[in-house]
Amino acid sequence: MMIKTGFPRCLVLVGAAAVLTACGSLAAAPEPRTGSRHGAPMPPASLAPRLDDPPPASSRPPSGREPEQRPPASSGPGHEGHERDEGHEGDVEYEGHEGRAEDGRVQGAPRSGDASASAPTAGPPGTGSVLPRSAPAGGPDAYRRWGLDRPLARPPAPPAVKPALGRSGPQQWGLPPTVRRVPTDKRVVFVTIDDGIEKDPRFVEQARELGLPFTGFLTDNVIGDHYDYFDQLRRLGNPMENHTLTHPSLAGMAYDDQVREICGQRDNLWHRFGQQPKLFRPPFGEYDETTLRAAAFCGVRTVVLWRAEMETHGLAYRSGDHLLPGDIVLAHFRGPEQLEGQSMTDMITGLVRAIQAQGFTIGRLEDYV
């Protein structure tokens with residue numbers, strides 16, 4: 001009888017001990033954390049806001065982008081220096097597709113910070129600020145040193161709001177506009193200098209002493225390891241923009257190849273200068289709709305062409321025989337081998353004299369586009 005009553009009592013004692021042990025375990029266990037959207041425990045409160053930050057943007061386009069296409073060339077019929085248009089003198093020459101949102105972003109292109117955007121979102125510290133154009137640094141008579149009859153007149157104040165860029169064909173949202181002239185009635189033109197073959201140190205002095213505003217469009221394979229030269233010009237307030245890696249004729253190339261050329265040089269300029277280029281010039285002025293799609297993908301805001309070009313013997317025009325307000329003028333970083341013995345500074349002096357002789361001064365293109 002004692003055995004039968006003792007056994008249940010033992011079971012009661014063992015059960016009570018088990019209950020007490022379980023209660024102690026529950027008391028010691030931490031409260032469970034609410035899982036994140038990825039099913040993992042939430043991080044500490046100090047790090048929680050980072051969980052939903054967009055992933056770092058890639059410098060390469062996503063693998064699932066648009067298929068390769070080779071549409072026929074739609075514009076840019078000529079080689080640089082050999083483009084000509086018949087008639088239309090005095091028309092405002094915009095060849096792009098108006099597609100800029102109120103914030104200046106190309107409509108349909110990825111916003112900065114979007115996971116789908118391929119453009120970088122940060123650069124080396126201290127290098128990415130927009131530099132103002134420097135004032136002439138050579139004294140009141142510096143222009144004489146460079147063979148000019150008078151100093152370069154100050155350009156008119158830039159517009160408070162950048163002018164809307166027109167279009168000459170059906171609207172195609174999401175593609176950057178192309179422009180040969182800026183809509184303005186001011187006596188101002190815009191100098192652009194391409195490629196980067198010549199790296200004349202005296203041109204840095206000339207640009208500084210004259211306070212010469214211009215926009216560079218740089219090609220990687222002719223610059224090599226000499227980006228520091230163009231950084232000197234950039235620090236004078238002259239932006240350095242995109243002109244592809246290897247200067248190919250883009251019209252007719254596959255989409256992937258065009259992206260590689262444009263985004264590749266965008267990345268070079270970003271890493272060298274800490275600024276993402278927003279303007280793009282297609283080599284030889286040749287492009288097609290695929291070029292515009294690739295440019296939009298690479299963060300291009302405007303495709304910049306030209307209406308006049310500085311050649312060895314003076315200005316040549318796409319139409320007419322003189323400059324018009326807002327004209328974009330093309331020149332090149334060239335030296336005696338390409339300029340029949342002239343230096344880079346000789347060529348620039350001739351260009352400034354020609355612009356002054358027609359009653360114009362030179363403005364900063366990025367103030368308008």
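Student: Which residues does F214 touch?

Tutor: Take contact as heavy atoms within 4.5 Å. Leaving aside residues up to four places away in sequence, F214 touches V191, I193, F203, A207, L233, N238, P239, M240 and F333. Keep in mind that this is a predicted model, where local features need pLDDT of at least 70, side-chain atom pairs count only at pLDDT 80 or more, and totals for chains, interfaces and linings use all residues. Residues are numbered from 1 along each chain as its sequence is written, and side-chain values use heavy atoms, with hydrogens and water left out.

Student: How many residues are in the largest nonpolar core, and which have the most contacts inside it?

Tutor: In soluble globular proteins, nonpolar side chains tend to be buried together. A nonpolar core here is a set of buried Ala, Val, Leu, Ile, Met, Phe, Trp, Tyr and Cys residues joined through side-chain atoms within 4.5 Å; buried means under 20% relative accessible area, exposed over 50%, and partly exposed in between, using a 1.4 Å probe and protein chains only. The largest core has 40 residues, and F203, L212, F214 and L233 have the most contacts inside it. Helix α8 (344-357) gives the most to this core, six residues. A second, separate core of 31 residues includes F217, C263, F297 and L330.

Student: Is helix α5 mostly covered or mostly open?

Tutor: Helices (H or I, at least four residues) and strands (E, at least two) are DSSP runs, numbered from the N terminus. Helix α5, residues 227-234, is mostly covered, with six of its eight residues buried: Y227, Y229, F230, D231, L233 and R234. Among the elements they pack against are α3 (201-210), β3 (215-218) and α6 (255-273).

Student: Which residues of β3 lie on each side?

Tutor: In a regular strand the side chains alternate between the two faces of the sheet. In β3, T215 and F217 are on one side, G216 and L218 on the other, and all are buried. Strands pair if DSSP finds at least two bridges between them. Four bridges join β3 to β2, running parallel, and T192 has T215 as its bridge partner. β3 also pairs with β4 in the parallel sense over three bridges, where L218 stands opposite N242.

Student: Which cysteines form the disulfide, and why is it left-handed?

Tutor: A disulfide is a covalent bond between the sulfur atoms of two cysteines, assigned here when they are within 2.5 Å. C263 and C298 form one, with sulfur atoms 2.0 Å apart. The torsion about their S-S bond is about -105°, so the disulfide is left-handed. Both C263 and C298 are buried.
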